[in-house]
Amino acid sequence: MTETTSSPSTAAGLQRIPARPTKVGLVAGGLGAYWPQFPDLLPQLQRSARRVAERLGQLDCEVVDAGFISDAQEGAAAAEKLRAAGCDLIVGFLTTYMTATMLVPVAQRSGAPVLLLNLQPTERMDHATFDTGQWLAYCGACPLPEMANAFRRCGVPFRSVSGYVEDERAWTKIARWVRAAGVRGALRHGRHGLLGHLYPGMLDVATDLTLVPAQLGGHIEVLEIDDLRVRVEQVADAEVDDRLALARDLFELDASVDDEDFRWGATVSVALDRLVDDFSLDSLAYYHRGLDGDAHERVAAGMILGASLLTARGIPAAGEYELRTSLAMLIMDRLGAGGSFTEIQALDFVDDVVEMGHDGPAHLAISARRPLLRGLGVFHGKRGWGVSVEFDVAHGPVTAFGIGQLRDGSFRFLASEGEVVPGPLLQIGNTTSRVDFGRNPGEWTDEWSASGIGHHWALGTGHRADELRAVADLLEIEFHEVTG
């Protein structure tokens with residue numbers, strides 16, 4: 001299946017919250033002994049290095065260029081510059097032969113994943129006219145096995161891309177690594193809110209909070225329902241009116257929407273924005289049960305509208321205290337795939353599709369149509385009532401992605417590529433998408449369930465398995481794909 005790299009557009013009327021920029025460190029080099037022997041070689045290699053820097057800069061990242069190194073001393077200086085810069089990815093450009101001692105310190109000191117590039121000037125040499133100096137400009141492949149061997153023996157993970165400077169196949173792979181590094185950076189620097197308490201009995205959802213910073217990085221901010229309740233009480237009427245106007249622009253309102261419930265959802269939405277700002281959150285997972293219509297139950301029941309608006313703006317929010325799924329949604333969002341809170345709803349053995357979605361928050365930017373707000377007198381399996389979001393994900397290629405947790409506590413990335421297809425949908429205030437995984441839906445469900453997935457995951461646009469595999473590689477986490 002093909003990789004899709006386009007990003008979903010943010011829902012009209014919503015401004016996306018700026019994400020942390022991806023920082024890529026670049027160091028190019030070659031063996032200094034060549035320069036006096038072949039005076040035209042170094043300028044040619046430096047031109048290639050400038051072009052690589054230029055193309056990296058076009059990949060939606062900040063490039064920290066440590067310059068061109070010719071020996072181990074210059075390599076050590078570059079290592080210090082890149083270490084201090086706090087890069088998400090170190091790119092080592094092998095322009096010609098160079099010794100491993102020139103790059104090993106860069107990799108060891110940076111603390112960032114390493115990508116080695118072997119990009120020769122053009123597709124091939126002109127054998128009839130080239131002399132030794134011109135050949136050496138095409139010799140970046142020569143040191144690659146040396147680097148790989150030395151890095152392995154030093155315990156430094158690496159990956160490589162070989163091609164030529166304007167090789168679009170190679171740049172597709174490079175772009176994938178840059179995006180994966182951006183996701184790794186978002187996780188390592190992220191602040192992830194966990195509000196309320198575990199949905200009683202959901203053993204698959206329960207996550208040891210230490211495992212998140214240990215395996216993914218970042219900080220878990222443990223919040224209470226009162227952190228939101230107090231902010232709800234502080235919302236002004238004018239703020240609610242503005243939020244109602246925004247919601248009317250974004251959503252189609254079903255006749256079942258009660259005005260009072262709609263206003264309450266808008267009130268909680270404003271308070272949610274304030275909560276996210278006050279705690280500098282990059283994602284949020286939440287659940288609170290409440291009792292007999294008390295204030296806490298009403299606050300928890302009013303979160304769907306605001307959580308969906310946050311998700312569309314780049315702050316994924318997942319219900320049912322689903323921390324690993326809010327993180328999966330964040331990963332998908334940073335890959336440009338959206339990522340909506342999802343579980344299996346039913347199987348259709350006539351059309352061979354899996355119907356999946358969820359009640360609660362949704363990623364509005366990947367909706368197939370204008371999303372609908374429906375009023376519900378009861379939230380099935382939960383206490384409370386109010387407005388809920390209804391839509392299906394944009395038709396076409398999609399990827400189901402979740403983070404499983406195995407018996408030893410280790411996380412496992414799980415993905416499956418399929419296609420959202422048209423067909424009948426329930427009208428019950430839930431997101432629902434009909435996903436064709438290219439096989440019998442029962443067989444797919446059995447294999448997906450056996451993979452280590454919990455009963456929630458993120459559903460995003462595009463076929464993203466290759467990108468997710470790259471993210472898993474940089475995080476040194478197992479990746480497993482359930483195929484069609």
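Student: Is Glu 343 buried or exposed?
Tutor: Keep in mind that we're looking at a predicted model. Glu 343 sits in strand S11, which covers residues 338–348. Its relative accessible area is 17%, and the cut-off for buried is under 20%. So Glu 343 is buried.

Student: Which side chain makes a polar contact with the side chain of Glu 343?
Tutor: Start with what Glu 343 touches: leaving out residues up to four places away in sequence, the list includes Glu 355, His 358 and Trp 457. For the polar contact, we need the pair of side chains at 3.4 Å. The partner of Glu 343 there is His 358.

Student: Glu 355 was on that list. Which residue forms a salt bridge with Glu 355?
Tutor: Here's the general idea: side chains of opposite charge can pair when their charged atoms come close. For Glu 355, the N to O distance in the salt bridge is 3.7 Å, and the limit is 4 Å. The partner is Arg 434.

Student: How many residues apart in sequence are the parts that this pair ties together?
Tutor: Arg 434 belongs to strand S17 (residues 430–436), while Glu 355 belongs to strand S12 (residues 353–359), so the pair ties together parts of the chain that are 79 residues apart. Arg 434 is buried at 2% relative accessibility, and Glu 355 is buried at 14%. The separation you asked for is 79 residues.

Student: Is Arg 334 buried or partly exposed?
Tutor: Arg 334 makes a salt bridge with Asp 333, with the closest N and O atoms 2.6 Å apart. Asp 333 counts as buried, at 6% relative accessibility. Arg 334 has a relative accessible area of 21%, and buried would need under 20%. So Arg 334 is partly exposed.

Student: What is the relative accessible area of Asp 167?
Tutor: Asp 167 is in a salt bridge with Arg 169, where the closest N and O atoms are 3.1 Å apart. Arg 169 counts as partly exposed, at 41% relative accessibility. Asp 167, on the other hand, is buried, and its relative accessible area is 7%.

Student: What about rings? Are the planes of Phe 151 and Phe 158 stacked or edge-to-face?
Tutor: A search of the whole structure turns up nine aromatic pairs. In this one, the ring centres are 6.0 Å apart and the planes meet at 90°. Planes over 60 degrees apart count as edge-to-face, so that's what this pair is: edge-to-face.

Student: Where does Tyr 287 lie?
Tutor: Tyr 287 pairs with Tyr 199 in a tilted arrangement, 4.9 Å centre to centre with 45° between the planes. Tyr 199 is in the loop between strand S6 (191–196) and helix H8 (211–215), so the pair links parts 88 residues apart in sequence. Tyr 287 itself lies in strand S9.

Terms used: Residues are numbered from 1 along each chain as its sequence is written. This is a predicted model: local features need pLDDT of at least 70, side-chain atom pairs count only at pLDDT 80 or more; totals for chains, interfaces and linings use all residues. Side-chain values use heavy atoms; hydrogens and water are left out. Helices (H or I, at least four residues) and strands (E, at least two) are DSSP runs, numbered from the N terminus. Buried means under 20% relative accessible area, exposed over 50%, partly exposed in between (1.4 Å probe, protein chains only). A polar contact is a pair of N or O atoms within 3.5 Å; within protein, one must be able to donate a hydrogen and the other to accept it, and residues adjacent in sequence count only if both atoms are side-chain atoms. Contact means heavy atoms within 4.5 Å. A salt bridge is a side-chain nitrogen of Lys or Arg within 4 Å of a carboxyl oxygen of Asp or Glu. Rings of Phe, Tyr and Trp (its six-membered ring) pair if their centres lie within 6.5 Å; planes under 30 degrees apart count as stacked, over 60 as edge-to-face and the rest as tilted.
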